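My entries follow in the order I made them.

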Amino acid sequence: MTIYSSPYGGIETSTAPVHVGLLKKIDEVIKKSPNKKAFVDGADPSMFLTYSELKEQSLAVAQFLHNRGFHHQTACIVLPNCKEFFSFFLGVSIQGGAISGASALFTDFELERQFKDSRCTIVFTDEGHLEKVRKAVKGASNVKTLLVLSSSSFVPSGTVSWKEVVSTPIDRKRQPVRVNVKEDVVLLPYSSGTTGSPKGVMLTHENFGTMISIFIKSRRTVEQQGGTKKDWDQESMLLFLPFYHIYGFAVICYCMMEKSTAVVLSSFEPTVYLKCIQDYKISQLMLVPPILVFLAKHPICSKFDLSSIKSIASGAAPAGKDICDEVMKRYPHIEFIEQGYGMTELSTASHISDVASRKKFGTCGKLCPGLQMKIVDISSGAILPTGKAGEICVKGPTVMKGYLGREEATRECIKDGWMHTGDIGYCDAEGDLFIIDRLKELIKVKGLQVPPAELEDILLSHPSIQDAAVIGIPDSKAGELPKAYIVKSDPKLTAEIVYNYVKEKVSSYKNLNGGVEFIEVIPKSAAGKILRRVLRDKHQSKL
Ligand code: 4UU
């Protein structure tokens, strides 16, 4: 019986609100070099935000919110990555509120669901996304304020402009809003967890603040082990992972804590991405496996000088050995590719690679400081010994408070403080974790979550569909793609109709690009649960 503790040692649980720690670092930078850039637009270097501007914007946002009576509420952000994202987050956090990020690719249908469920009172978007946000807000009466980022001076009716918000006069003597670090939620990202549709993951100041400390401590440990010492404040980090996802957001916080400069990309655009690596001499890439495929295979990569890259950190989905080998062969100056493992419900990472992990292929690294882990038998729940594979369970200060308004779903995955991840893996004698399978139904397309239950709900709302099941099938580029099995009630129903029906309602990465197949009956257990394994085997046998 093995309950693992972290080889990195313990961690001091965060006792200060998240914005306090971040503003302290920001102040340190301002004192030394007030005009240091915090954020630069990767596509246009003339667009940037200094550390001083970041602080002033954050205080102005907080003051604006205060003037409107906003405190301890939730604000949704519907924006592609941009340099204003973080000022808004800090302002909301100063007011004791929580940020709930939504993908800018979301349809009005997906947005309305998140606006309602999160009970947000403010939505921050830009001109390009305003129309669908307005549609979504119609169904969510809890949204009182629409904040719009725009490049022109035109302010659309019924909205407040970002320019007005950041020019709010700041009362610097105002009493800070009280934050209960253990209880108050600072982030409310959406995740389907082990089952069902997306749910609001309540991450408290203690959860996420401790996560930030964990990143810093792990890096320091790696340096002590002899890993390359990094002067992040002399370098830039390239931020293209979506900020609404916990991985992308954690990287911004890491960047600010390390007093670095964030080169922000609104989305992954190959030429801009490669040009930024070249121009900013990026030394470490933080990415998801599909970008490894791009780096390994795409001819365009040869047109740029990528010799600055020394290491790659990958997470959010498994990185294949062949692809990693190809990357290392194509770029001999890269010293290692390492993986991290984690999930939204664990505030980002529960496992980070150290110097020894980097030498082993396929590991996601070692348990983060301050956490405990056990690996349990899938059927009996018994704790398994080292080397045996089972469900990974993690306990510690970064385990979410719960799913907003879903006590039962919370109880199903957190038992006695142990977060049941729904991932299957084993730990070797050195404490390195290997993920071998996913027990839960979640599909990951390019590292992004696609909950099958969400697509099944949509499919079942079609009058000609009697029953439906969605599974993830392997794809060399995206990692996985969603495929639907359909039982039709109308013989005229075609795969194209089914595909387009889903396409209208969800963002493009959730489209049924793995195909639509008609079958007689969806295989189910006696309790009525879809037997996804049977469908996966069925798909496999056809190949
Ligand atoms: C196999 O994707 C994330 C978190 C990613 C992350 C990023 C940087 C982890 C560590 C890090 O350093 O969160 P979610 O909630 O979107 O998805 C969580 C799920 C996991 O349960 C697992 O199934 O994503 C999968 N996953 C991985 N699978 C995450 N990391 C890995 C991995 N290998 N390295």
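Which elements each supply at least two residues of the lining of the largest cavity? I found β5 (98-102) and α8 (246-257), helices (H or I, at least four residues) and strands (E, at least two) being DSSP runs numbered from the N terminus.

Before going on I noted the ground rules. This is a predicted model, in which local features need pLDDT of at least 70 and side-chain atom pairs count only at pLDDT 80 or more, while totals for chains, interfaces and linings use all residues. Residues are numbered from 1 along each chain as its sequence is written, and side-chain values use heavy atoms, with hydrogens and water left out.

**Cavities.** I looked for cavities of 30 Å³ or more and found two. A cavity here is a set of points, on a 1 Å grid over the protein atoms alone, where a 1.4 Å probe fits but cannot get out; lining residues have an atom within 4 Å of a point. Grid points are joined across faces, edges and corners, and a volume is the space filled by probe spheres set on the points.

The largest cavity holds about 80 Å³ of space. I listed its lining as F85, I99, G101, L187, L188, P189, F243, Y244, H245, I246 and F249. By class that lining has nine nonpolar, two polar and no charged residues. Ala, Val, Leu, Ile, Met, Phe, Trp, Tyr, Cys and Pro count as nonpolar, Asp, Glu, Lys and Arg as charged, and the others, Gly among them, as polar.

The second largest cavity has about 40 Å³. Its lining includes L238, L239, G248 and M286, and β12 (236-239) and α8 each supply at least two of the lining residues. I counted seven nonpolar, one polar and no charged residues there.

**Ligand.** I found 19 residues around the ligand, the closest being H245, T344, D423, K440 and K444; a residue is near if one of its heavy atoms lies within 4 Å. The shell divides into eight nonpolar, seven polar and four charged residues.

I then checked polar contacts (pairs of N or O atoms within 3.5 Å). A polar side-chain atom of K440 is 2.6 Å from a ligand oxygen. For R438, a side-chain N or O atom is 3.1 Å from an oxygen of the ligand. For Q339, the distance from a side-chain N or O atom to a ligand nitrogen is 3.3 Å.

Note on methods: A polar contact is a pair of N or O atoms within 3.5 Å; within protein, one must be able to donate a hydrogen and the other to accept it, and residues adjacent in sequence count only if both atoms are side-chain atoms. On a 1 Å grid over the protein atoms alone, a cavity is a set of points where a 1.4 Å probe fits but cannot get out, and a pocket is an open set with protein on both sides within 12 Å along at least five of seven lines; lining residues have an atom within 4 Å of a point.
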